[in-house]
Amino acid sequence: MKMIELAFLNDTFGTMLAIMPEIMLIIGALSIPGLFYFTKNKNMCATAALIAIILSGVFAGCVILDSTLSCTFMNIFKLDMFAAVMIFLFLIVAFLTVLASFASSELSNHVSEYYSLLLIATTGMLFVASANNLLVIFVGVECTSILSYALVALKKNDPRSSEAAVKYLIIGGISSGLVLYGISMLYGLTGSIDIAKIAHGLENMENLNAPFVIAVISLIAGYGFKISAVPFHMWAPDAYEGAATPVSMFLSTGSKKMGFVVLFKIFIVMFAVEQSVYAVEEMRYIFAFIATITMTIGNIVAILQKNIKRMLAYSSIAQAGYILIALAVMSEYAVTGGIFHMITHVFMKGGAFIVVGALIAAGIKENISDYKGLAKRAPIVAFAMLLFLFSLAGIPPLAGFASKFVLFSSAIVIDGVVRTQWMWLAIIAIINSAISLYYYAKVVKVMYIDSGECNEKIVIKKSHLVAILLCMVFVVAIGVYPEPIIKFCEGASGILFGKC
Amino acid sequence: MLDYSWLVPVIPVACFVFVGLFCKKKPQIGGYIAITGAALSCILASIISYEYLTSGYYSSNKAFTMAIEWIKIGGFSINFGIYIDGLSCIMMLFASFISTMIFVYSLGYMHDQGEKKRRYYAEVSLFLTGMLGLVISSNYLEMFIFWEIMGLCSYLLIGFWSFDHPEAKEKSSAAKKAFLVTRMGDVCLIGGLFILLWVFKSLDYNALFAPDAIKAVTNNEYGVQLVTIASFLIFGGVIGKSAQFPLHDWLPDAMAGPTTVSALIHAATMVKAGVYLTARSFPLFVYNSHMGEQVLLFIGVIGGFTAIFAASQALNNMNIKKVLAFSTLSQLGYMILALGAGGYLMCVGIKNGNEGLIALGASGYIAGVFHMLNHAFFKGLLFLCSGSVIHSTGTEDMRLMGGLIRKMPVTSITMLLGSLSIAGFPLFSGFWSKDMVLEAAFGPFEEGFGFGSVFCVLFLLGLITAFMTAFYMFRMWFMTFVGEPRENAQHCHGESPLSMSVPLIVLSIFAVYSGILILFGLGYVINESLISSGINVEKYSSDNIVMTIFSNQWTYISIALALIGIFIAYLMYDKKEINPGILNKNGKSFVYRLLADRYHFPQIYDHTSWGLGYGVARVVNYFDRNVVDGTVNGLSNAIVESGKIMRKMQSGFVRDYARYIIIGVIVLVSTLFLMFLTGGFQCQ
């Protein structure tokens, strides 16, 4: 896709263009502590972080608008349409997180460290998005993971935070071990850590191959931890509940997406693109199986939650189950749907977390029952929450409907023909959507119908309001006119399937 | 500028948002914003019309279309776009112009409404958006969206006085009635759209109206049936929206809203949408060479019957607004009749390849659209006049008025002009179009086709309607403006303020002269929209239209009937030489009661909807309580219980978490092993 002519960027930066977004973030991350040391101004740090993110976003945006710019840096990082769209997504997440952190009451005094950690964690995601080598992907994921353990632990005055961080760390360690084990197995099998070459190596395999089975399952389990797929999900509710709300939001919308990027990169390239017919169907059924239990368990357990952050965590797990449909179907259209749902999920889930954070900053607790009468006390925020929750449930004309529609329909219509193979998956997903409406609507009911004891207006901080309105605009705009975003997603998934 | 046509409906919607959100403190400002918005739309519409009519699109017989892809799922896409041709130019011009006048008038009429004005101006702006968007839509789905916006606004505005008003209950039930009755039509319409989408794989006018597309679809029995059913269903939507028999009875009740709203509904928006839709769907009807005649015959019959059926109920109504409402119904019937008869001829002409018949059919189409335009002006004027009367006398009952000509000279003169126009007094606007309508209805009989005799009956009914129209309009005028001032008329405030009387004067000029436009190429423009939608008609010429009209004996007969009607009204209600009480046995005669009871239609509606609705509701309720609730409760209990079990797995101990991960890996690995060993999924 070429919308504007930006070839001069190639001349200026050469192959460095491929890592310019990361460089911008690193510069930002390194300068923030110094800035804080000299100015002692919290807002200054946040602003610096925002500027770094925006600069980085400019580069990613240029590649999205002119995909002829895509280039490779040292055979490791390839900034193409897919990478650019994902980078942009991660940067939006980081942007919203910083906006939500501005006025957050949950962060302790380590402001400069917080923003630094956040930016470097984002950088790790960016590396993952553009890497095409299993080891680099592993390093990128670790970079993000290790920093997010610290981010979760940052809410020092709350014991839940430290507990969550320790759990997260231990489970994360097990997962990293599994991933490394899987990578080493693959290396042993094919003699390469480059994804495309691994795919080639798999071409000649036949029948049962125990090392291969162990390798792929280890990879799925290791990265399944990142996307919080059942049964590797158990850390997520604890971590989201314990962490400061902006961090929960970062984990749920950003770090989870990173897991998906890795899975897309490895499994789509390995199985669908290089025509390596070996074990494709088996892998699809494995993913379909994980998708089914993930969305079902996520939704059913979410019903019983009383804490809104835990509820959102389980809903996040369920959404991961929906996106896994893309990996089960493995068609270009399905991956388009998956990427599209990842994008809309950022705005709706992110928006919901920001609302929770804004309310915590305004003195409202985290239990759903604390939201009684919210519609009267904070009409704008309550309405925003209603939009986000309905969008998560997939009610038109909101963004969640559009993306779920594309995603679910991809399981029914494959290559323009109605196929029965994955129809059961679409039906399960739709039933799950119906179940999920129950717990989303319950929150809306508490906000709008139940009356609370207190009727004072709630004052929401400006930066929170800006972030909420931003998410609201996107949730509605994407829902009403999804076509441009779908175009970008199509471009991105086309790259994965080897089209330029 | 043509590329910016989308601004025409966007300006009023912006006003809607602005007035609705920001005019809480100063609702009066809202009025000026709404007027500015409507006026801007009107100016823009004029510029766009001018540009279209002088552009290459027009001279090469093409409509201007532009669309963006709204949503695309797989191979199926829905567009959002604009479609400008002669018909949409005319529609958007008169809709925006009359709305502007009505909004100006509202400044005076609604001035004592206080905070409610915000709601009023916001809603009327949205109403206008609905109409303007509808006429420039480029596909049926988009059209339907705006169609529904109008439905919503009509509900809100008819029920404007549903709160804090002595008759709040009746007002709100009138609003509900309007909404529910038109809904019947809407359901038909969307059903028709589904069929069209299924058959044509698209709802774009461009795709649907291509003669080849319709022929390709109707080349087998199945396709013919589907298209025919879709045509009937679309016309069902028209019956609801344009209040044709048998879904007509919401319109008289809709008088519950403020008079300006009635003017808006009757002149500029809402009911005109149905006529527009019929005209817009013309290619769909006429190219259906197997069943199209039946569809169009049905359209003509419904129109002709509604015309006389509604006119008869206006004969003895005492409410000034309801007389006008019935007259709208009857005039709408005229328009539908002309479209039906014209379409019938055209359909036959296309089937037999007879160009003369096609041209004759086109003149029916022109008559229908032309009458819609004229009706918009004089009905807008009449409603605003009646509003002016109501405003200063405080009643709608004509028995309490009388002799107002001395106190309200402007209102009475302008209303006289409007009445002359609608009665078809020679050279007034109604005269031209009504004559064309009658001529169109007579066409099929003259040509002597299978159903020609049916159209002959419709034509005769139309003539009788013309007589009735003249009579009831002048009955209303005489009762209101001449004779002894009765109760309320005695303490009338005098002439209405300037903001109300100026729009009256402006509209009366149009109401008198808009008919002359037919001599200056209006027919050509309307005809062109047929050509641009793919129908092969010769260009319309207005050269000898005067000759045709005045050399036709029926013209003189209809003029005579109108004059007789006026004269009888004069004798009865001014000179009092004939006592109406003798004719109707002082209101006890069967016919009089029947008319006054509106042929018992309100009761029929109540009975059907009560019987049908309540019966269905009881069955559904039973099903809902026992089957659906049972299933849902059972299921939800199961889900909650299983959720409790699963929540127990989340023990909080990290060792359990790790254990589940390992178990998960083992399960997955063994599943994969099993799959390989059974060999079930080798590549297909």
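**Figure 1. Domains and overall form of chain B.** The domain assignment, which is automatic or taken from a database, divides chain B into domain 1 (597–650) and domain 2 (655–684). Their C-alpha centres are 43 Å apart. This is a predicted model, in which local features need pLDDT of at least 70, side-chain atom pairs count only at pLDDT 80 or more, and totals for chains, interfaces and linings use all residues. Residues are numbered from 1 along each chain as its sequence is written, and chains are lettered from A and ligands numbered from 1 in the order in which they are written. The average pLDDT of chain B (the predictor's confidence in each residue, from 0 to 100) is 86, and 98% of its residues score at least 70. Chain B has 30 helices and 2 strands; helices (H or I, at least four residues) and strands (E, at least two) are DSSP runs, numbered from the N terminus. With a radius of gyration of 29 Å, close to the 26 Å that the globule rule gives for 684 residues, chain B is as compact as a globular protein of that length. The radius is taken over C-alpha atoms, and the rule is 2.2 Å times the number of residues to the power 0.38. Along the principal axes, the C-alpha atoms of chain B fill a box of roughly 105 × 60 × 50 Å.

**Figure 2. The contact between chain A and chain B.** For the complex, the predictor gives an ipTM of 0.86 and a pTM of 0.78. Chain B brings 34 residues to the contact and chain A brings 37 residues, where two residues are in contact if their C-beta atoms, placed from the backbone, lie within 7 Å. On the side of chain B, the elements giving two or more residues are strand E1 (64–73), helix H29 (601–649) and helix H30 (654–678). The largest share of this side, 16 residues, belongs to H30(B). By class, the side of chain B has 22 nonpolar, 8 polar and 4 charged residues. Ala, Val, Leu, Ile, Met, Phe, Trp, Tyr, Cys and Pro count as nonpolar, Asp, Glu, Lys and Arg as charged, and the others, Gly among them, as polar.

**Figure 3. Helices H4 and H14 of chain A.** Helix H4 (residues 81–102) and helix H14 (residues 332–361) of chain A pack with their axes 10 Å apart, at an angle of about 5 degrees. Axes are lines fitted to C-alpha atoms, for helices over the stretch in contact, and angles run from 0 to 180 degrees between N-to-C directions. H4(A) and H14(A) are therefore roughly parallel, a term for angles under 35 degrees. Among the residues that meet are Leu89(A), Ile92(A) and Leu96(A) in H4(A), and Ile343(A), Val346(A) and Gly350(A) in H14(A). The contact of H4(A) with H14(A) holds 11 nonpolar, 2 polar and no charged residues.

**Figure 4. Helices H3 and H5 of chain A.** Helix H3 (residues 42–65) and helix H5 (residues 111–130) of chain A cross at roughly 10 degrees, and their axes come within 9 Å. This makes H3(A) roughly parallel to H5(A). The residues in contact include Lys42(A) and Cys45(A) in H3(A), and Ser112(A) and Tyr115(A) in H5(A).

**Figure 5. Backbone details in loops.** A cis peptide bond, with omega about 5 degrees, joins Phe245(B) and Pro246(B). Pro246(B) is in the loop between helix H10 (221–241) and helix H11 (250–253) of chain B. Arg598(B), a residue other than glycine, has a positive phi near 55 degrees. Arg598(B) is placed in the loop between helix H28 (590–596) and H29 of chain B.

Technical notes. Parallel < 35°, antiparallel > 145°, perpendicular 65-115°, else oblique.
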